[in-house]
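Hi,

Here is the structure I promised to pass on. Have a look at it first, and my notes follow below.

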Amino acid sequence: MTVTHDFDVLVIGSGAAGLSLALHVADHASVAVLSKNKLSSGSTSWAQGGIAAVLDDRDTKESHIEDTLNAGGGLCEYDAVKFVVDQGKEAINWLIENGADFTKESREDKQKAVEGDYHLTKEGGHSFRRVIHSADATGKEVQISLEKKVKAHPNITLFENHMAVDLISNDRRNIKTQKCVGAYILDTKNGKVEVFRAKSTVIATGGASRAYLYTSNPDGSTGDGIAMAWRMGCRVANMEFNQFHPTCLYHPEARTFLLTEALRGEGAYLRLPNGDRFMDRFDKRAELAPRDIVAHAIDHEMKRLGVECLYLDISHKNDEFIMEHFPTIYKRCLKLGFDLTKEPIPIVPAAHYTCGGVMTDLKARTDVKNLYAIGEVAHTGLHGANRMASNSLLECLVFANAAGKDIVKLIKKEKFSTTIKPWDESRVADSDEEVVVSHNWNELRHFMWDYVGIVRSTRRLQRAARRIEMLAGEIREYYGAFRITSDLLELRNLVTVSDLIVHSALQRTESRGLHHTLDFPDRDPDMDGRNTVLKPPRKPFSR
């Protein structure tokens with residue numbers, strides 16, 4: 001018998017976006033927050049750098065807006081950028097009120113202190129020091145403070161080890177009148193699928209960088225929310241723009257350990273194996289150029305020289321400064337045999353952030369009524385062709401607040417659906433071919449890295465598309481025959497988002513931002529402001 005839960009608001013995802021949303025609506029509604037692993041297992045806890053906001057009197061909102069537009073390569077939507085930047089200070093103050101502890105100014109810092117004596121750092125693409133942070137573990141601090149508040153709120157119920165299978169529509173036959181009425185959720189501890197009915201559903205599931213072999217993201221970044229929204233009928237946009245972080249530690253035991261951009265913001269240099277710097281040959285801002293430029297430069301030099309890594313060097317800075325500002329990185333590197341204060345550190349680019357996603361308006365509403373998308377899962381218009389450093393956590397906070405206000409108004413008028421069918425697994429069996437899932441997962445991530453990475457070509461993309469089509473057929477057959485598992489669901493979602501990435505990339509016949517193709521190496525002015533929008537088939541949805 002299928003277990004059914006009823007909540008006014010269902011939040012799928014437990015990072016900064018999901019937890020913030022829950023807190024914004026909990027005084028007015030019952031809220032369920034779902035995490036497919038532990039509450040803190042998402043990307044937020046891994047964020048090192050900080051949160052960009054105008055907090056210094058010498059800085060301006062206009063400058064933050066201009067920097068974001070420049071980094072976005074002509075595809076940012078001005079209204080969205082202004083909307084987020086305008087609320088930056090308010091969002092930071094809200095975090096501080098909810099217990100977040102940010103780094104204060106020290107005697108070693110020459111930069112004048114700002115309000116509350118908070119230290120601000122500078123990252124690539126920014127004209128001013130405007131990144132507030134908690135040493136080099138900002139995401140962890142934000143996650144801990146929000147978790148503490150969420151756990152203390154009587155109207156919020158937390159469900160760890162619960163993974164979304166699919167969103168539920170009230171009407172599969174009519175796309176115009178359909179709305180989201182909840183979701184089918186797999187309790188991964190007991191293997192049972194439960195029904196969560198909700199008046200409003202929020203997907204805050206993060207991005208899809210696990211589609212790639214090398215990534216800075218946790219295991220859960222498998223594009224679940226994007227894939228589910230697509231199956232529900234939502235448009236997605238700009239999936240070709242997957243950001244590769246320029247500097248992940250190159251070490252077999254630390255393939256996902258990111259070396260924050262704040263290192264370069266505080267004076268670290270990028271070096272070739274012979275010790276020479278090279279970034280000034282690619283951009284006048286050198287190491288402080290936006291991430292797409294830096295990642296492409298590193299990729300170019302690695303291929304030119306035929307080497308497996310390049311180097312990041314901050315050893316010329318004061319030892320005390322390094323250990324105070326980057327304690328997590330210093331300790332991690334030391335454990336692996338590298339001393340940040342004495343030597344350059346080996347680095348490689350890795351898939352880091354999904355700049356496209358489910359299309360939303362400025363209230364985080366998707367194409368389907370009562371369904372919202374916030375955080376990395378969403379395409380809000382903020383990032384364009386390349387996300388500027390430390391704008392992502394700010395986006396989570398601002399759109400969680402915006403969605404919360406809209407949801408509070410919505411749920412007063414909505415009722416729970418009475419037509420949801422229980423999950424039916426009467427015609428499936430336990431799998432005896434788990435090797436199929438693991439093999440297909442490995443194959444997908446390898447060819448996505450080889451064919452759809454930092455530098456692409458039409459032929460490589462077409463080759464990836466054929467592989468994806470083959471894998472999708474095998475997964476559909478497997479999905480229909482066996483009981484679902486979290487591994488199967490993640491593979492199913494990864495194949496879906498990989499297909500969206502490839503077909504978006506094939507549609508963009510130019511090189512812009514994070515999308516660089518050998519067949520169209522130049523930027524096409526006629527494509528300024530033109531997003532790549534994919535529309536799902538307008539037909540009944542099956543699960």
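A quick word on naming: helices (H or I, at least four residues) and strands (E, at least two) are DSSP runs, numbered from the N terminus. This is a predicted model, so local features need pLDDT of at least 70 and side-chain atom pairs count only at pLDDT 80 or more, while totals for chains, interfaces and linings use all residues. Residues are numbered from 1 along each chain as its sequence is written, and side-chain values use heavy atoms, with hydrogens and water left out.

Let me start with His126. It sits in the loop between β4 (120-121) and β5 (131-132). Setting aside neighbours within four places in sequence, His126 touches Ala52, His64, Asp67, Val131, Met388 and Ala389 (contact means heavy atoms within 4.5 Å). Pro422 is 296 residues from His126 in sequence, and their C-alpha atoms are 51 Å apart.

Now the whole chain. The protein chain has 14 helices and 20 strands. Its radius of gyration is 22 Å, close to the 24 Å from the globule rule for 543 residues, so it is as compact as a globular protein of that length (taken over C-alpha atoms; the rule is 2.2 Å times the number of residues to the power 0.38). Buried residues make up 62% of the 543. Of the contacts with a separation of 6 or more, 74% are between residues 24 or more positions apart.

On to the inside. The largest nonpolar core has 76 residues, and Leu167, Ile203, Leu444, Met448, Val452 and Ile484 have the most contacts inside it. Helix α14 (residues 486-507) gives the most to this core, with 10 residues. Apart from that core lies another, of 52 residues, among them Val33, Ile65, Ala204 and Ile411. (A nonpolar core is a set of buried Ala, Val, Leu, Ile, Met, Phe, Trp, Tyr and Cys residues joined through side-chain atoms within 4.5 Å.) Again leaving aside neighbours within four places in sequence, Ile484 is in contact with Val165, Leu186, Val193, Trp423, Tyr479 and Leu489.

One last thing to click on is helix α6 (residues 224-232): nine of its nine residues are buried, including Asp224, Trp230 and Arg231. Just after α6, Gly233 has a positive phi of about 120 degrees.

Cheers

Technical notes. Buried < 20%, exposed > 50% of the residue type's maximum accessible area, 1.4 Å probe, protein only.
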